[in-house]
Amino acid sequence: MESIDPATGRALPSDAIQRVLFVAGLVHVYNIPPMTPGKGHVAASWTADGNKRQIFTARLRVIETAVPVPGTDGEEKVKTDIVLEDSSNGQLFAAAPYTAQAIVEPVSDSSRFFALRVQDEAGRKATLGVGFEERSEAFDFGVSLQEAQKTLGWSSQGGGPGKKPAAAEQKDNAEKRDLSLKEGETITINLPGRFGRRKPDTPSVSSSASLSSFSLPPPPSSSSSSSSSSSASASASALRSPGILPPPPSASSVRQKRLSAQQLGFDDGKFGEFA
């Protein structure tokens, strides 16, 4: 069967390959107003006034086309198109070449509606509104666009039509450096000195000298004890010097010096008044 370019309706080369990424049998197409600055597209304005802005009910397909590039070794030019067709006879109504992520923009108030920028063969562009009846179909439509972006090699910031150089990609993969260790190879890692074994600290002279101040002195010898006793007697004699008061008498010496009443000239009384 002859392949047809979905965007132009022209025949493709016989070795071209097409793949349908998504099909929705019934979608509603709207003639939408310009986008509101700061709000984006609003689907509520499309369906207001009894759906007066709806212009067509179509079948939507996402088609991926890979065309081999002549004179190359397996290199292919890949593109993706979003087409709106008459569901009864398959006649093309409008096509949107998926050359950037901005071709399809979600609305701000619904997950079932999208703004689709279509383009004819002459390059004229227009923005149409597309609404799915089921949320699951709208979700599958978004998944198919993500798959197309991966195939086209776009980054997260968007991109343009990509190429699929199969042979060149295989060659690049083969030329990648093999950094794995072969059998018998080892890796030597030199760690800094702070990760090595710590050397024991040697005590310094100052620290030993400071510790010696806390040690007890040795006991005195016999010669030192005799000298200490002589010094004690010398200190006792120094206490009896004229300039220092003598110590008080003891009780026994006081009793010996006490005189009896008879020695003082008194007789003992009859009733022992004098003792």
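A: Start with one definition: two strands pair if DSSP finds at least two bridges between them. Keep in mind that this is a predicted model.

The part to follow is strand S6, residues 113-119. Among the elements of the protein chain, S6 has the highest mean pLDDT, at 95. The chain as a whole has a mean pLDDT of 76. Of its residues, 61% reach 70 or more. At the other end of the scale is strand S8, residues 163-165, with the lowest mean pLDDT, 48. Over residues 161-165 the pLDDT is below 50. That stretch still has 14 contacts in the model beyond near neighbours in sequence.

Back to S6. Five of its seven residues are buried, so the strand is mostly covered.

Now its partners. S5 pairs with S6 in the antiparallel sense, over three bridges. In one of these pairs, Val104 has Leu116 of S6 as its bridge partner. S5 and S6 form a hairpin, with six residues between them.

The next partner is S7. It also runs antiparallel to S6, and this pairing has seven bridges. Here Phe114 stands opposite Val130 of S7. S6 and S7 form a hairpin too, with five residues between them. In that turn sits Gly123, with a positive phi of about 95 degrees.

Next, look at helix H2, residues 135-152. S6 is one of the elements that cover the buried residues of H2. Others include S1, S2, S3, S5 and S7. The buried residues of the helix are Ala138, Phe141, Ser144, Leu145, Ala148, Gln149 and Leu152. Seen down the helix axis, they fall within an arc of 145 degrees, so they line one face of H2. On the other side, Arg135, Phe139 and Lys150 are exposed.

Check the helix length as well. At 1.5 Å a residue, the 18 residues of H2 should span 26 Å. Its end C-alpha atoms are 26 Å apart, which agrees. After H2 comes Gly153, with a positive phi near 75 degrees.

Now tie strand and helix together. In soluble globular proteins, nonpolar side chains tend to be buried together. The largest nonpolar core here has 29 residues. Leu60, Ile82, Leu84, Val104, Leu116, Phe132 and Phe141 touch the most other members. Leu116 is the bridge partner of Val104, and Phe141 is among the buried residues of H2. Both S6 and H2 give two or more residues to this core.

Beyond its neighbours within four places in sequence, its contacts include Leu116, Leu128, Leu60 and Phe93. Val27, Val29 and Ala58 are also among them.

There is also a second, separate core of seven residues. Tyr30, Ile32, Val107 and Ala115 are among its members.

To sum up, S6 is a mostly covered strand. It pairs with S5 and with S7.

Technical notes. Residues are numbered from 1 along each chain as its sequence is written. This is a predicted model: local features need pLDDT of at least 70, side-chain atom pairs count only at pLDDT 80 or more; totals for chains, interfaces and linings use all residues. Side-chain values use heavy atoms; hydrogens and water are left out. pLDDT is the predictor's confidence in each residue, from 0 to 100. Helices (H or I, at least four residues) and strands (E, at least two) are DSSP runs, numbered from the N terminus. Contact means heavy atoms within 4.5 Å. The expected span of a helix is 1.5 Å times one less than its number of residues. Buried means under 20% relative accessible area, exposed over 50%, partly exposed in between (1.4 Å probe, protein chains only). The arc is that of the directions from the helix axis to the C-beta atoms. A nonpolar core is a set of buried Ala, Val, Leu, Ile, Met, Phe, Trp, Tyr and Cys residues joined through side-chain atoms within 4.5 Å.
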